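Here are some notes for a first look. Please read them with the model open.

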Amino acid sequence: MSKEPTEQQVRNRADQARLYGAPLGDLVDDVTAAFGLTRGRLAEVLGVSAPMLSQLATGQRVKLGNPLAVQRLQGLLELLPDVKAGNTTAQRALATVEATEGGQVLTRTSATSRTPEADAGAARRALQSAAGPEELRAAAELLQLDHPALAKLLRDAAGHP
């Protein structure tokens with residue numbers, strides 16, 4: 001039987017959505033399902049206790065206090081489309097995220113703190129999910145003369161720099 005959330009939990013989940021783009025319970029569910037993790041294992045990957053992750057997921061707490069945990073969650077969320085599409089294995093993605101030792105923090109303003117390399121990687125992944133290598137190479141040829149940087153991004157996404 002599911003217990004109704006308290007008014008405070010509803011407010012906390014709304015605050016999480018403003019901070020992280022979605023309530024943490026939804027993000028935790030997405031990550032655990034795609035990566036085949038238990039919440040306990042996800043807590044280990046993030047570097048927080050299982051009870052803390054549970055409190056966050058249920059809206060008893062608003063935010064992750066550990067910047068590294070936030071960064072690792074962001075890393076998992078960024079790799080989520082690749083794992084779902086089969087472009088990378090969950091194990092490889094987890095290893096990458098667990099190796100994270102510091103840097104960018106996921107907040108309302110994280111989009112402004114992204115690096116150009118991270119943005120290019122996200123663009124490549126989006127292109128790969130939208131078209132196959134042949135189509136990406138054909139588009140690169142069309143753009144080469146007037147837009148060489150975009151053509152390079154398309155060729156990179158196609159797997160041929």
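At what angle do helix 3 and helix 5 pack, and how far apart are their axes?

1. Helix 3 (residues 39-46) and helix 5 (residues 67-85) pack at about 115°, and their axes lie 8 Å apart. Axes are lines fitted to C-alpha atoms over the stretch in contact, and angles run from 0 to 180 degrees between N-to-C directions. Helix 3 contributes Leu42, Val45 and Leu46; helix 5 contributes Ala69, Arg72, Leu73 and Leu76. Contact means heavy atoms within 4.5 Å. Six of these residues are nonpolar, none is polar and one is charged.

2. This is a predicted model: local features need pLDDT of at least 70, side-chain atom pairs count only at pLDDT 80 or more, and totals for chains, interfaces and linings use all residues. Numbering starts from 1 along each chain as its sequence is written, and side-chain values use heavy atoms, leaving out hydrogens and water.

3. The protein chain has nine helices and zero strands. Helices (H or I, at least four residues) and strands (E, at least two) are DSSP runs, numbered from the N terminus.

4. Helix 1 and helix 2 (residues 24-35) pack at about 65°, with axes 8 Å apart. Arg13, Gln16 and Tyr20 of helix 1 meet Leu24, Gly25, Asp26 and Leu27 of helix 2. This contact has three nonpolar, two polar and two charged residues. Ala, Val, Leu, Ile, Met, Phe, Trp, Tyr, Cys and Pro count as nonpolar, Asp, Glu, Lys and Arg as charged, and the others, Gly among them, as polar.

5. Gln9 is also in helix 1 (residues 7-20). Gln9 counts as buried because its relative accessibility is 12%, and buried means under 20% relative accessible area (1.4 Å probe, protein chains only). Beyond its neighbours within four places in sequence, Gln9 contacts Thr58, Gly59 and Gln60.

Key. Buried < 20%, exposed > 50% of the residue type's maximum accessible area, 1.4 Å probe, protein only.
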